[in-house]
Amino acid sequence: LYRRFYSSIILFSLIQEWPITKVLKLVGDRMNRGQLQQLQKDSSANCAMIVTFCKELNWIHLASCLEVLTSRLSYGVRDEILSLVRIGSEMPATRAREFYKRGYTSPQNIIEVTVEEITQVLMDSLPYDGMDPLVKDTNANSRASSQKIANERLAIKIILKAKEALKLDLSITNIDS
């Protein structure tokens, strides 16, 4: 019984967007990073199975609540940025949180703005993590332009993925109706 409670505390910490390093400190030497990620994955899969079970029993309200929990467990995020992390690997939880803080709360908000606006959010909010491999100049003066080029490329990818996510959401909504 205590193991389930302990696991639920760990999972709750993850969906509250605690960094994995902080959660690992919480669990000490009882669990490593791989075990933590496996717990997250297994919990999400079990929750998805319960959703299917609820739908078969026509327990629609419980199923809809658990669908949100399944996604939150899968991505390890709070509900308000769930639509942003569904965009894809270009929008991990930390980046989605930064976009949310700046008023971009859904893929729809992202596709409505220009590449320059998304690039500016990326430039302002997140540190640059290295030189763009496609830009060969390595002198100090070109780092800012290299960073801007890399962020423009990323902004374009984010907008394209947001459009794909929105199309997928719309197609699922049309199928369910």
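In helix H2 (residues 20–27), the buried residues are Val23, Leu24 and Val27. Buried means under 20% relative accessible area, exposed over 50%, and partly exposed in between, with a 1.4 Å probe and protein chains only. Helices (H or I, at least four residues) are DSSP runs numbered from the N terminus. Viewed down the axis of H2, its buried residues fall within an arc of 100°, so they line one face of the helix; the arc is that of the directions from the helix axis to the C-beta atoms.

This is a predicted model, in which local features need pLDDT of at least 70 and side-chain atom pairs count only at pLDDT 80 or more, whereas totals for chains, interfaces and linings use all residues. Residues are numbered from 1 along each chain as its sequence is written, and side-chain values use heavy atoms, with hydrogens and water left out.

The cover over the buried residues of H2 includes helix H1 (2–15) and helix H3 (33–56). H2 and H3 pack at an angle of about 105°, with their axes 10 Å apart. That makes H2 roughly perpendicular to H3, a term for angles of 65 to 115 degrees. Axes are lines fitted to C-alpha atoms, for helices over the stretch in contact, and angles run from 0 to 180 degrees between N-to-C directions. Ile20, Val23 and Leu24 in H2 meet Arg33, Leu36 and Gln37 in H3, where contact means heavy atoms within 4.5 Å. The residues of this contact divide into four nonpolar, one polar and one charged.

Also in helix H3 is Ser43. Ser43 is buried, with a relative accessible area of 15%. Leaving aside neighbours within four places in sequence, Ser43 is in contact with Leu11 and Leu73.

| Residue | Position | Phi |
|---|---|---|
| Gly28 | just after H2 | about 65° |
| Gly103 | following H6 | near 100° |

The largest nonpolar core has 21 residues, and those with the most contacts inside it are Met91, Phe99, Ile110 and Ile118. A nonpolar core is a set of buried Ala, Val, Leu, Ile, Met, Phe, Trp, Tyr and Cys residues joined through side-chain atoms within 4.5 Å. Two or more residues of this core come from each of helices H5 (82–85), H6 (93–101), H8 (115–125) and H9 (143–176). H9 gives the largest share, six residues. Apart from neighbours within four places in sequence, the contacts of Ile110 include Leu84, Tyr104 and Ala162. A second, separate core of 16 residues includes Leu11, Val27, Cys47 and Val51.

How values were computed
Angles under 35 degrees count as roughly parallel, over 145 as roughly antiparallel, 65 to 115 as roughly perpendicular and the rest as oblique. Ala, Val, Leu, Ile, Met, Phe, Trp, Tyr, Cys and Pro count as nonpolar, Asp, Glu, Lys and Arg as charged, and the others, Gly among them, as polar.
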